[in-house]
Amino acid sequence: KKYTAIILAAGQGKRMLAGRNKQFLKIGDQPLICHTLSVFDQDEWCEELIIVTNERERSQMEELLKKYPLRQSVHLVDGGAERQDSVFAGLEAVRNRELPVFIHDGARPFVPQELLHELSVTAYEKKAALLAVPVTDTIKQKSDHGLDTLDRSTLWAAQTPQAFSYDLIYEAHERARKSRYYGTDDASLVERLDKDVAIVKGSYDNIKLTTPEDLHKAQAYLSNQRNGKVE
Ligand code: CTP
Ligand code: MG
C-alpha cells in the first residue's frame, strides 16, 4: 500500500509570533519540520517524499536536510502564496501518479504511523480520505439572526494527512484554480466535485502547531514520550 507524501512547509507561521517560519523552531532536539519528516521517512509505505518550501528558505531547508539526514531522498519544491498554491506545486512535482498522494502539514509532527497505514488502505479503497477527530467543544454559530448551537455529534475536526488518488485531487485543484476558489483544506476541493471523502478517525495527539501555546504542548508531549508515559 505505497503512497507519495507531500509535506507543506512553505508558510510563514505568522500566528506563532516567532519572527520566522515555525517549521525551523526547535522542539526537543530537532526542528519542527524534521520531526514531521521523520515519521514519513521511517514509514516503509512512503515511496516518494516531497517537501514544499518557501523559495527564500530553500537553502535553509537544504542545510537542515544535511544536518538531520533522512533515509530516503527528498524532492524540494517551491511553494506558493496560499497553502492551496503550495499543494498544487507539490502535486505537479509527483513522479509516480499511480500511487495515492498524502498531503500533510509540516506543522503536524505527531501523526502516528499506524494511522498513516489506515489512511493508505482507505485511500486505495475509497479514493479520498482524511484523518479527523470528533469535536470536543460545543460549537456555536453566530449570525445576524443570533446564536445557534450545532449538533456536536455530527462535527469532526479535520486534520492531515488527507489522502487521494492522484487524478482526483489533481482535478479538484485544477477546478478550484479555474474558479479561483480557495478552500481551507484539500478534502473540501474534492467535496466541491460532489465526491465522497471517507473519514479515518485520527488522534488528538496529531495537533497542528499554530500558536505559541502549541509549542508548550509539543514540548510536553515529547518529554512524556521520552519518559515512556505516552506510546
Ligand atoms: N503552508 C504552505 N504554503 C503556504 C501556507 C501554508 O506550505 N503558502 C503550510 C504551512 O507551512 C503549514 C501548513 O501549510 O505547515 C498549515 O498551515 P498553517 O498552520 O496556517 O501554517 P502557516 O501558514 O505557516 O501559519 P500562519 O497561518 O499562522 O501564518
Ligand atoms: Mg496559514
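Predicted model: local features only at pLDDT ≥ 70, side-chain atom pairs only at ≥ 80, totals over all residues.
Which residues are buried in α1? They are Leu32, Ile33, Cys34, His35, Thr36, Leu37, Val39 and Phe40.

**Helix α1**

- Helix α1 spans residues 32–41, and because eight of its 10 residues are buried, the helix is largely enclosed by the rest of the structure.
- The cover over the buried residues of α1 includes the strands β1 (3–9), β2 (26–27), β3 (30–31) and β4 (46–53), and it also includes the helices α2 (58–67) and α4 (113–126).

**The largest nonpolar core**

- The largest nonpolar core holds 52 residues, and the members that touch the most other members are Ala5, Ile6, Ile7, Val52 and Val101.
- Leaving aside residues up to four places away in sequence, isoleucine 6 touches Ile50, Val52, Val87, Gly90, Val101, Phe102, Ile103 and His104.
- Two of these partners of isoleucine 6, Val52 and Val101, are themselves listed among the core residues that touch the most other members.

**Around ligand 1**

- There are 21 residues around ligand 1, and those that come nearest are Ala10, Gly11, Lys14, Arg15 and Ser86.
- The elements that contribute two or more residues to this shell are β1 and α3 (83–93).
- Sorted by class, the shell around ligand 1 is made of six nonpolar, nine polar and six charged residues.

**Backbone features**

- Threonine 160 and proline 161 are joined by a cis peptide bond, with an omega of about 5 degrees, and proline 161 has its place in strand β10, which covers residues 156–164.
- Lysine 127 is not a glycine, yet its phi is positive, at about 75 degrees, and this residue lies in the loop between α4 and β7 (128–134).
- Is lysine 127 buried or exposed? Lysine 127 counts as buried because it has 20 C-beta neighbours inside 10 Å, and 20 or more is what the term requires.
- Aspartate 194 is another residue other than glycine with a positive phi, in this case near 65 degrees, and its place is in the loop between α6 (187–191) and β11 (198–201).
- Aspartate 194 is exposed, because 6 other C-beta atoms lie within 10 Å, and a residue with 12 or fewer is counted as exposed.

Definitions and conventions:
Residues numbered from 1 in each chain as written. Chains lettered and ligands numbered in written order. Helix = DSSP H or I, 4+ residues; strand = E, 2+ residues; numbered from the N terminus. Contact = placed C-beta atoms within 7 Å. Near = placed C-beta within 6 Å. Nonpolar A, V, L, I, M, F, W, Y, C, P; charged D, E, K, R; others polar. Core = buried A, V, L, I, M, F, W, Y, C linked by C-beta atoms within 7 Å.
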